[in-house]
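Dear colleague,

Please find below the structure for your review.

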Amino acid sequence: MSPNLDQVIRCTQVSCTCQCFRPDKTNLRICDHCRHGWVAHALDKLFQPAQPLLSATQVEVAHPGVVFDLASLVLYGATALPIRLKILLDRLLSVLTRDQVLYILHSLGWTLQDYCRGYILQVGG
């Protein structure tokens, strides 16, 4: 089954022909095919047409797929979340349903409790 074109996360590095990010087995944030980082693959997802300015109290309109793409940049393969990025994600996740939030977090290896805490609790071992 071929991926949907709007779900493809192609590399944006100059001269790179990689069409789809595939995580490396040892470093989930590096592409196994072209060895470029996850961010280089997702940059084209961030370029959206300009939106009209919102007032300070208005919450942004967010599509679950776009929120997933942005959350994956921050959460995928990470075990801690910088506070400024958490604030941004909190704002985006606040417009989704609880089931959508749980699905996004679970898909990226985070529980709701880990996300609320800001880091994945490491169990001794």
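**Helix packing and charge–ring contacts**

Helix α2 (residues 64-75) packs against α3 at an angle of about 160 degrees, with 11 Å between the axes; axes are lines fitted to C-alpha atoms over the stretch in contact, and angles run from 0 to 180 degrees between N-to-C directions. The two helices, α2 and α3, are therefore roughly antiparallel (an angle over 145 degrees). The model is a predicted one, in which local features need pLDDT of at least 70 and side-chain atom pairs pLDDT 80 or more, while totals for chains, interfaces and linings use all residues. Residues are numbered from 1 along each chain as its sequence is written, and side-chain values use heavy atoms, without hydrogens and water.

The crossing of α2 and α3 is left-handed (the near helix is turned anticlockwise from the far one by less than a right angle). On the α2 side, V67, L70, A71, V74 and L75 meet L85, L89, L92 and L93 of α3, contact meaning heavy atoms within 4.5 Å.

Helix α3 spans residues 83-93 and includes K86; helices are DSSP runs of H or I with at least four residues, numbered from the N terminus. K86 counts as buried because its relative accessibility is 12% (buried is under 20%, with a 1.4 Å probe and protein chains only). Leaving aside residues up to four places away in sequence, K86 touches L81, Y115, C116 and G118.

The charged end of K86 sits over the ring of Y115, 4.5 Å from its centre. The criterion is NZ of Lys or CZ of Arg within 6 Å of the ring centre and within 35 degrees of the ring normal. R117 likewise lies over the face of Y119, at 5.3 Å from the ring centre.

Yours sincerely

Conventions: Buried means under 20% relative accessible area, exposed over 50%, partly exposed in between (1.4 Å probe, protein chains only). Angles under 35 degrees count as roughly parallel, over 145 as roughly antiparallel, 65 to 115 as roughly perpendicular and the rest as oblique.
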